[in-house]
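Student: I am new to this structure and would like a close look at a single part of it. Please take one element and follow its surroundings.

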Amino acid sequence: MMVFFELFLRFFRAGLFAVGGGMATIPFLYEMSDATGWFSYTDLANMIAVSESTPGPIGVNMATYVGFTAGMQSGNATEAIFGAVAATLGLVTPSIIIILIIASILKSFRNNSYVNSAFYGLRPASTALITAAGISVAVSNLFYGADWSRWTAMINWKGIVLAAVLWLLTNKVKKTKGLHPIVFILGSALVGILFSMN
């Protein structure tokens with residue numbers, strides 16, 4: 001029972017402070033990994049890949065995935081489902097509360113300079129959180145550790161080649177850059193299966 005309450009509280013905090021969308025929750029997830037041991041950084045990279053590849057908001061998908069994983073550590077599928085529900089509710093509850101409050105008072109404060117200034121200040125904060133998340137994901141997928149004395153051994157050459165090929169196909173090759181993103185997601189998944197990229 002305590003794990004469900006902890007899942008709810010941790011994701012409530014993430015939902016409360018992760019301004020800018022689901023990717024902004026990733027720094028909170030790294031902290032959660034360190035604090036709880038529910039999942040590793042590799043698990044987190046896999047969660048991001050799965051969440052980006054499935055329908056729905058990435059933050060909600062990741063909360064559900066983490067909650068399920070944490071609940072499953074007891075070995076009970078029912079607790080895994082309750083964990084998924086607790087984490088997901090924790091993540092979305094702050095947004096629901098804030099949206100209801102804002103919707104009720106927005107008309108009277110729409111042109112307030114303080115409100116406009118607050119939103120102006122939130123933009124760089126959300127940009128920084130999303131940038132930090134992107135860098136963390138790139139580093140965890142393109143490097144194997146932090147032993148800079150043997151830097152060639154820590155580079156994930158397969159990942160770098162795949163990233164370079166994807167960048168070329170989505171930005172430079174006219175025949176492929178207009179393709180739907182799902183084509184590249186499915187192609188990357190197939191390459192990962194075939195070449196055991198981890």
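Which helices do the buried residues of H3 pack against?

Tutor: The buried residues of H3 pack against H2, H4 and helix H6 (113-142). Before the details, note that this is a predicted model, in which local features need pLDDT of at least 70 and side-chain atom pairs count only at pLDDT 80 or more, while totals for chains, interfaces and linings use all residues. Residues are numbered from 1 along each chain as its sequence is written, and side-chain values use heavy atoms, with hydrogens and water left out.

The protein has nine helices and zero strands; both are DSSP runs numbered from the N terminus, helices being H or I with at least four residues and strands E with at least two. Of its 198 residues, 26% count as buried, meaning under 20% relative accessible area with a 1.4 Å probe and protein chains only.

Helix H3 covers residues 41-53. Leu44, Ala45, Met47, Ile48 and Ser51 are the buried residues of H3. Seen down the axis of H3, they fall within an arc of 160°, so they line one face of the helix. That arc is taken from the directions from the helix axis to the C-beta atoms.

Ile26 is buried, with a relative accessible area of 0%. Leaving aside neighbours within four places in sequence, Ile26 is in contact (heavy atoms within 4.5 Å) with Ile48, Met62, Ala133 and Val137. Ile48, one of the buried residues of H3, is 22 residues from Ile26 along the chain, and their C-alpha atoms are separated by 8.7 Å.

On the H4 side there is Asn61, in helix H4 (residues 58-72). Asn61 counts as buried at 17% relative accessibility. Not counting residues up to four places away in sequence, Asn61 touches Ser51, Thr54, Pro55 and Gly56. Ser51 belongs to the buried set of H3.

The largest pocket has a volume of about 1,300 Å³. A pocket is an open set of points on a 1 Å grid over the protein atoms alone, where a 1.4 Å probe fits, with protein on both sides within 12 Å along at least five of seven lines; lining residues have an atom within 4 Å of a point. Its volume is the space filled by probe spheres set on the points, which are joined across faces, edges and corners.

Among the 31 residues that line this pocket, the closest to its centre are Ala45, Ala49, Asn141, Leu162 and Ser188. The elements giving two or more residues to the lining are H3, H6, helix H8 (157-171) and helix H9 (181-195). H3 gives the most, with nine residues.

Definitions and conventions:
Buried < 20%, exposed > 50% of the residue type's maximum accessible area, 1.4 Å probe, protein only. Expected span 1.5 Å × (residues − 1).
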